[in-house]
Amino acid sequence: MARLTKVELVRGVIGDALNDRSKPWHAAFVWAEALTGLPRFRVLLCVVLVASVLFMFEPTAELMSNVFALVLPAVATVSATVSPPVWRKYDRVSAADEARNERFAYWMTFAAVLIVESLCRPVLRFVPLYQMCRTWFFVWCSVPIRDNGSAYVLDAVVRPLFEMVFGSDD
């Protein structure tokens, strides 16, 4: 029973985020709902399912992974550099600074993953569904929320390694 409650809680959080009018994906889900007639949560599940099936084929898996990991965050970075995201609910200067810091954390995480991948490439070629896992990891890292994957990786992995190698400033 407790597991069912946790699943319902997660589904509720995702549903609330999908229906939040202030989020950048709101317009895309309005369009998808009108096109398909399906509720937003089911549209999201369909997108995840189709993307996961496309990851089964090696050429599309690498291409999709690179698009998600490089092109979409690059567009978001340029956008954050030009003007702060419209969904921020506080002053423009703070919004712009926070958006730039989020993008900086993403690119630090991206660089760290590329270094690890270059060292482990011969082994990673034999890991099943590696490209799919890599892509979903980068999607988690680039989601425009405060505590996304980039913030976690920066705080839990990159910063401690940096302090271990170069010492702390305390």
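**Helices, aromatic rings and a nonpolar core**

Leucine 129 sits in the loop that links α5 and α6. Helices here (H or I, at least four residues) and strands (E, at least two) are DSSP runs, numbered from the N terminus. The structure is a predicted model, in which local features need pLDDT of at least 70 and side-chain atom pairs count only at pLDDT 80 or more, while totals for chains, interfaces and linings use all residues. Residues are numbered from 1 along each chain as its sequence is written, and side-chain values use heavy atoms, with hydrogens and water left out.

Leucine 129 is not a glycine, yet its phi is positive, at about 60°. With a relative accessibility of 36%, leucine 129 counts as partly exposed. On this scale, buried means under 20% relative accessible area, exposed means over 50%, and partly exposed lies in between (1.4 Å probe, protein chains only).

Read from the N terminus, its elements follow the order α-α-α-α-α-α-α. Of the 170 residues in the protein, 29% are buried. Contacts (heavy atoms within 4.5 Å) also tell something about the fold: among those between residues at least 6 apart in sequence, 54% join residues at least 24 apart.

The next topic is how helices meet. Axes are lines fitted to C-alpha atoms, for helices over the stretch in contact, and angles run from 0 to 180 degrees between N-to-C directions. Angles under 35 degrees count as roughly parallel, over 145 as roughly antiparallel, 65 to 115 as roughly perpendicular and the rest as oblique. Helix α2 (residues 26–36) packs with helix α3 (residues 40–54) at an angle of about 95°, and their axes are 9 Å apart. The two helices, α2 and α3, are therefore roughly perpendicular to each other. On the α2 side, His26, Phe29, Val30, Ala32, Glu33 and Thr36 take part, and they meet Arg40, Val43 and Leu44 in α3. The residues of this contact of α2 with α3 comprise five nonpolar, two polar and two charged. For this sorting, Ala, Val, Leu, Ile, Met, Phe, Trp, Tyr, Cys and Pro count as nonpolar, Asp, Glu, Lys and Arg as charged, and the others, Gly among them, as polar.

Leucine 44, found in helix α3, is worth a visit of its own. Its relative accessible area is 25%, so leucine 44 is partly exposed. Not counting residues up to four places away in sequence, leucine 44 touches Ile14, Leu18 and Phe29. Leucine 18 is 26 residues from leucine 44 in sequence, and their C-alpha atoms are 8.8 Å apart in space.

The axes of helix α6 (residues 130–142) and helix α7 (residues 149–166) cross at roughly 95° and come within 5 Å. Thus α6 and α7 are also roughly perpendicular to each other. Phe137, Trp140 and Cys141 of α6 make the contact with Gly149, Ser150, Tyr152 and Val153 of α7. Here the residues divide into five nonpolar, two polar and no charged.

Aromatic rings are another theme. A pair of aromatic rings is described by the distance of the centres and the angle of the planes. Rings of Phe, Tyr and Trp (its six-membered ring) pair if their centres lie within 6.5 Å; planes under 30 degrees apart count as stacked, over 60 as edge-to-face and the rest as tilted. By this rule there are nine aromatic pairs. One of them joins phenylalanine 162 and phenylalanine 166, a tilted pair with 4.8 Å centre to centre and 45° between the planes. Because phenylalanine 162 and phenylalanine 166 are four residues apart in helix α7, about one helical turn separates them. Phenylalanine 166 is exposed, with a relative accessible area of 61%. Elsewhere, one aromatic cluster is formed by Tyr106, Trp107, Phe110, Phe137, Phe138, Trp140 and Tyr152.

What makes up the largest nonpolar core? A nonpolar core is a set of buried Ala, Val, Leu, Ile, Met, Phe, Trp, Tyr and Cys residues joined through side-chain atoms within 4.5 Å. The largest has six residues, namely Ala69, Tyr106, Phe110, Val113, Phe138 and Cys141. At least two residues of this core come from each of α5 (92–124) and α6, and α5 gives the most, with three. Phenylalanine 110, found in helix α5, is buried at a relative accessible area of 10%. Neighbours up to four places away in sequence aside, phenylalanine 110 touches Ala69, Leu70 and Phe138.
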